[in-house]
Amino acid sequence: MLPPDVGTFAAWLLLAGALVSGAFTANVFRPIRRSQWLVVPSSLLSMLAAELAVYHLLWQAAAAGGLVALGALSVTAGQIGLGIAAASWLGLAVLLLRGRRARAPIMASLTELTGVPTQFSIPWWRLANPFSLRFDRSRVIRNVEYARVAGRRLRLDIHLPPQPGTLRPAIMQIHGGGWVVGDKREQGVPLLRHLSDRGFVGFNVNYRLSPGATFPDHLVDIKRAIAWVRAHADEYGVDPRFIAVTGGSAGGHLASLAALTADQPRFQPGFEDADTRVAAAVPLYAIYDLTDRSHRQAPGFHARLLEPLVIKAFFAEEPEKFVDASPSSHINADAPPFFVIHGETDTMAPLDDAREFVASLREVSRSPVLFAVVAGGQHSFDVFLSPRSIPVIEGVGLFLAHLHAARAGDEAVAERSVEPADP
């Protein structure tokens, strides 16, 4: 028989825990959007709850069960706490169901590209460990220097396929972090692991960060990396004609800009003649309009980030700098294939801006432009293996594999067409 004070303590602990976990779950459905101090933590916590919903459900149920065993329900506070906890569990269950809807828009986009129904089977067992992000160390070459700029050594990591080979497609991952933080070891790891397992050579790139760097320094570094990969293609078995770029958030912004400004000398100081074309771009939850003419950006985006740290100019005085830094300003007919992916509930990068970017690009580009809205996806939804990130990773792999195969097929046809006829 437990003493009464143990039950009382357990009841109040259950109530306190239920309030915290309930707020945690509620934040996913109604994240804070208009507070410059809370929008970032709210977005991060929302992503953690949504992408790890099954684990939050398990630990909350286990904790509540333990407190109930200690007599929490003998006190009204404990009964109220259990009711709030049950509501939180229901919300987490809804999040799990919403996550399963992420597959449909990815498959629809791929069907649009290939012209045939696209199906892929999600290995749901991979969700057992959402943090399974390690590579076989024997297949990773760390901290390869690709440039020296302004007293800095710029480095990248190379992720090799299981088997040696030649003329393999390459994927360059560009990390996010608002152009001021982030590292190549932290982001894009699930995608790189998936693609390298399937024959791609992956390059995870660091670049100069603000406030030390001023735009377009970040873009210039990415172009240096593209030129470096192409120059060292033979060394790593890369097809120099197929280097794709991807990234999330600021990384998606830079991937888009790199794809849309290929071979532009003003973004290639000192290496103006280098070939910086890319075969495809896959931006995730990126920002495409840094002018924010539609007033959709998160509070403080201009005043606390872009103006003082990244672009280092006042928009009211030098708007042309913000225009030039916007992928939407560089849309052109020669853009490579794009697969734009964005979360449905993103509070950091406006979904409507992504829609407008895709619509504008489709109007002029001669290449395919795919667009998928990930159901229930918050900013950075692909950090972990989750019901949302797994179909996105699978879909990106199929998209790039299709483009590479199509290019190889076109080149084979072209070679046969110029072969001399038999005498």
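Strand E3 (residues 168-174) is largely enclosed by the rest of the predicted structure, since seven of its seven residues are buried (under 20% relative accessible area with a 1.4 Å probe, protein chains only; exposed means over 50%, and partly exposed lies in between). Strands are DSSP runs of at least two residues and helices (H or I) runs of at least four, numbered from the N terminus. The model is predicted, so that local features need pLDDT of at least 70 and side-chain atom pairs pLDDT 80 or more, whereas totals for chains, interfaces and linings use all residues. Residues are numbered from 1 along each chain as its sequence is written, and side-chain values use heavy atoms, without hydrogens and water.

E3 pairs in the parallel sense with strand E4 (residues 201-205) over five bridges and with strand E5 (residues 238-248) over six bridges; pairing requires at least two DSSP bridges between two strands. Alanine 170 stands opposite valine 201 in E4 and opposite isoleucine 243 in E5. Methionine 172 has phenylalanine 203 of E4 as its bridge partner.

These strands belong to an open sheet of eight strands with mixed pairing, in the order E1-E2-E4-E3-E5-E6-E7-E8. Strands E1 (140-149) and E8 (369-374) stand at the edges with a single partner strand each, so one side of each has no neighbour in the sheet. From one strand to the next, the twist averages 20 degrees.

Helix H5 (residues 103-114) lies across strand E7 (338-343) and E8, at about 170 degrees to E8. Contact denotes heavy atoms within 4.5 Å; axes are lines fitted to C-alpha atoms, for helices over the stretch in contact, and angles run from 0 to 180 degrees between N-to-C directions.
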